[in-house]
Amino acid sequence: MTTKLILLGTSSPRMTSEKFETSFALLIDGAVYVIDAGSGAYGRLIQALAKHGDGVAEVDLRHVFLTHLHPDHTLSLPSFIFGPYQLGRQEPISVYGPAGTQAMVDHLIEAYKVGIHELQHHGPREMPSVTVNVTEISSGIIFEDE
């Protein structure tokens, strides 16, 4: 088993040119698990995977975990939802977070509805339907897989 933790951002809401808002990527045997999605995190993930990903690509992103819904932990959530689909991802993304996560994701999909439609029908290839599986969590074991 190969495991890497990549710090995408470790700053407070007052990010600097050297520190981005909170986000981490956990790479385990080719799977990508993102913890928090502060501003700039998706771009930083693409950079990190190119440098440290051992062939893992952003389309391999499976899960995004949100510790809480403050903007400095969620501003890149639209990029994590829509970015992999623009690259041809077929499987749903799973987002885990506290109460309110489902409403946030629903509002994001609604806010980007026109743009999604345009990408699905006018891009170099059709973008698959955007599907997000949301699990609102409160305590205990949040996630387990193989």
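**Close-up views of a predicted model**

The residues lining the largest pocket divide into eight nonpolar, four charged and no polar. Nonpolar here covers Ala, Val, Leu, Ile, Met, Phe, Trp, Tyr, Cys and Pro, charged covers Asp, Glu, Lys and Arg, and the others, Gly among them, count as polar. This is a predicted model, in which local features need pLDDT of at least 70 and side-chain atom pairs count only at pLDDT 80 or more, while totals for chains, interfaces and linings use all residues. Residues are numbered from 1 along each chain as its sequence is written, and side-chain values use heavy atoms, with hydrogens and water left out.

**View 1. The largest pocket holds about 190 Å³ of space.** Its lining includes Met1, Tyr33, Arg62, Phe143 and Asp145. Two or more lining residues come from each of β2, β3 (31–35) and β4; β3 gives the most, with three. A pocket is an open set of points on a 1 Å grid over the protein atoms alone, where a 1.4 Å probe fits, with protein on both sides within 12 Å along at least five of seven lines; lining residues have an atom within 4 Å of a point. Grid points are joined across faces, edges and corners, and the volume is the space filled by probe spheres set on the points.

**View 2. Strand β5 (residues 93–97) has five of its five residues buried.** Ile93, Val95 and Gly97 lie on one side, with Ser94 and Tyr96 on the other. Buried means under 20% relative accessible area (1.4 Å probe, protein chains only). Strands are DSSP runs of E of at least two residues, and helices are runs of H or I of at least four, numbered from the N terminus.

**View 3. Strand β5 pairs with β4 and with β6.** Strand β4 (residues 61–65) runs parallel to β5 and is joined to it by three bridges, with Val64 partnered by Val95. Strand β6 (residues 132–136) is also parallel to β5, over five bridges; here Tyr96 is partnered by Thr135. Two strands pair if DSSP finds at least two bridges between them.

**View 4. Glu21 lies in the loop between β1 (3–9) and β2 (23–28).** Glu21 is buried, with a relative accessible area of 7%. A polar atom of the Glu21 side chain lies 2.8 Å from the backbone nitrogen of Ser39.

**View 5. Val56 lies in the loop between α1 (41–52) and β4.** Val56 is buried, with a relative accessible area of 12%. Val56 and Ile137 are 81 residues apart in sequence and 28 Å apart in space, C-alpha to C-alpha.

Technical notes:
Buried means under 20% relative accessible area, exposed over 50%, partly exposed in between (1.4 Å probe, protein chains only). A polar contact is a pair of N or O atoms within 3.5 Å; within protein, one must be able to donate a hydrogen and the other to accept it, and residues adjacent in sequence count only if both atoms are side-chain atoms.
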